[in-house]
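Hello,

Here is the structure I promised to hand over. Please open it first, then read my notes below.

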Amino acid sequence: MIRLRYLNPWFWMRKTLPRTLFARSLLIIVVPALLVQIVTTIVFVDNHWRKVSSRLAFALAGEISIMVQEMEEGRDRARFEDLKRYASQSLDLLVTFEPNRELIPGIETSGTWEPFTAEALSHALEQQVRKPYSIALDPDDEWINIGIQMDQGILRVFALERRIFSSSAYIFLMWLVGSSIILFAIAVIFMRNQIRPILRLAVAAERFGVGRDIAHFKPEGAREVRTAARAFLDMHERIKRQMEQRTAMLAGISHDLRTPLTRMKLALAIMPENDDTHALKSDVSDMERMINSYLDFVRGEEKESAQRVDLVNIFDKFMHTVQRSGKNMTVKFDGDTSIIVRPIAFERALQNIVSNAEKYGDMIDVSIVNHGDLMDIVIDDDGPGLDEKYYDDVFKPFFRVDASRSIDSGSVGLGLPIAQDIILAHGGRIWLDQSPSGGLRACIQLPV
Ligand SMILES: Nc1ncnc2c1ncn2[C@@H]1O[C@H](COP(=O)(O)OP(=O)(O)OP(=O)(O)O)[C@@H](O)[C@H]1O
Ligand SMILES: [Mg+2]
């Protein structure tokens, strides 16, 4: 059965129209211009050029017809010689007579314009000479060969082609094509310049989306594009301010808490060891870890320059820590595992994921595959896994599935959000899935 949408002309239009704004705008300019030119050409060739050709052909046929009449009246040699001289001097025609010859009537032409000219000439000869005739018209030869069947032979007339060929059509078409090419080139340059600011805006929005700097972006171009760019910059400013406020507040709190915490640690250190102080010490170290997490989170935007690092080295480091805690970890890889990243931040992102896997499972399997333009990093664990409905929530700051239990271990629910921030800032993506080994699978994809 034919699907209904295949019958919809809009569907075909959408499918066949070019996708880019540049190509579409050019189409809007070029198609009407082309249509106007085609119509003009048809009207011109059909009307003007045919008329001019037929007038010129009539003039030539008239001259030939006078010669034919003259010859039919006189018929002596001297008279023909007079006629010949007169024709070559005044009419630009070369005339010969081939006695006792039979003419094969017909028209022989080739080339683009010659058939039109020959047609006009044959029409004129039929009307004015009214005798069997032949025409040979060749684009390489500037002479037209016209034969007229007389009673005692053939009257052959050679006329210059330009006598009946109107070159205005030629010139007209040259102008048409030439000016079209020039106009098209100008249109291309202008359209490019119009579209460039839109492209710049798109690039800036994309960069901002992945957390990159857009300091060099300036509104430019047509008024509408400028308005959109200014609106985008305002939005960018607002979001940046909000982010900065949030960051500053969190950083302030964490910083201020550190000082009393350090004092508490000092006080605890000089207290005698007993169960109470032991519990207090453990609470203080949990608090310290939590505060460090907050600081890590707000420090995400810190400037660090990108470097090439080898992922296998990073995971090897993790493997040692994991093994020290009595758990297992394997790392498999395919292709070049080096990648350009901000090393400290990137290692922190991976660390957060690996430490989750270590916390919930006993076995961690890492696989790294380089696809040429993308790098896939998959981290599996054999823990209890996570209900699918939490896959998005766990990336929100301070979200923990089992808040009451995990708070004991000093976790705050910032591990995955920090990891996501960092991965996004590298232009990558991170998502969760079910692991074949039963636990949770974290997938990271990065541009190489
Ligand atoms: N590998 C995993 N297996 C099962 N649940 C997980 C796993 N990783 C994360 N989770 C769930 O997602 C929640 C959020 O993880 P996230 O790393 O953001 O915070 P956290 O580990 O609780 O605290 P933090 O990492 O800040 O110390 C965790 O509380 C946990 O419930
Ligand atoms: Mg965590």
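**What I found**

Phenylalanine 11 counts as buried, because its relative accessibility is 11%, and the cut-off for buried is under 20%. Bear in mind that this is a predicted model.

Now look at tryptophan 12. Its relative accessibility is 41%, so tryptophan 12 counts as partly exposed. Phenylalanine 11 and tryptophan 12 form an aromatic pair. Their ring centres are 5.2 Å apart. The planes sit at 75 degrees, which makes the pair edge-to-face, since that class takes angles over 60. Tyr6 belongs here too: ring pairs join Tyr6, Phe11 and Trp12 into a cluster. The structure holds nine aromatic pairs.

Next, the helices. Helix 2 covers residues 21-73, and helix 5 covers residues 168-209. Their axes come within 10 Å and cross at roughly 170 degrees. Helix 2 is therefore roughly antiparallel to helix 5. What kinds of residues make up this contact? There are 17 nonpolar, seven polar and one charged.

Last, the cores. The largest nonpolar core has 50 residues. Those that touch the most other members are Leu311, Phe315, Met329, Phe346, Ile368 and Ile377. Take phenylalanine 315. Which residues is it in contact with, leaving aside neighbours within four places in sequence? They are Met329, Val331, Leu350, Val354, Val366, Ile368, Ile377 and Ile379.

Best wishes

Key
Residues are numbered from 1 along each chain as its sequence is written. Chains are lettered from A and ligands numbered from 1 in the order in which they are written. This is a predicted model: local features need pLDDT of at least 70, side-chain atom pairs count only at pLDDT 80 or more; totals for chains, interfaces and linings use all residues. Side-chain values use heavy atoms; hydrogens and water are left out. A nonpolar core is a set of buried Ala, Val, Leu, Ile, Met, Phe, Trp, Tyr and Cys residues joined through side-chain atoms within 4.5 Å. Buried means under 20% relative accessible area, exposed over 50%, partly exposed in between (1.4 Å probe, protein chains only). Contact means heavy atoms within 4.5 Å. Rings of Phe, Tyr and Trp (its six-membered ring) pair if their centres lie within 6.5 Å; planes under 30 degrees apart count as stacked, over 60 as edge-to-face and the rest as tilted. Axes are lines fitted to C-alpha atoms, for helices over the stretch in contact, and angles run from 0 to 180 degrees between N-to-C directions. Helices (H or I, at least four residues) and strands (E, at least two) are DSSP runs, numbered from the N terminus. Angles under 35 degrees count as roughly parallel, over 145 as roughly antiparallel, 65 to 115 as roughly perpendicular and the rest as oblique. Ala, Val, Leu, Ile, Met, Phe, Trp, Tyr, Cys and Pro count as nonpolar, Asp, Glu, Lys and Arg as charged, and the others, Gly among them, as polar.
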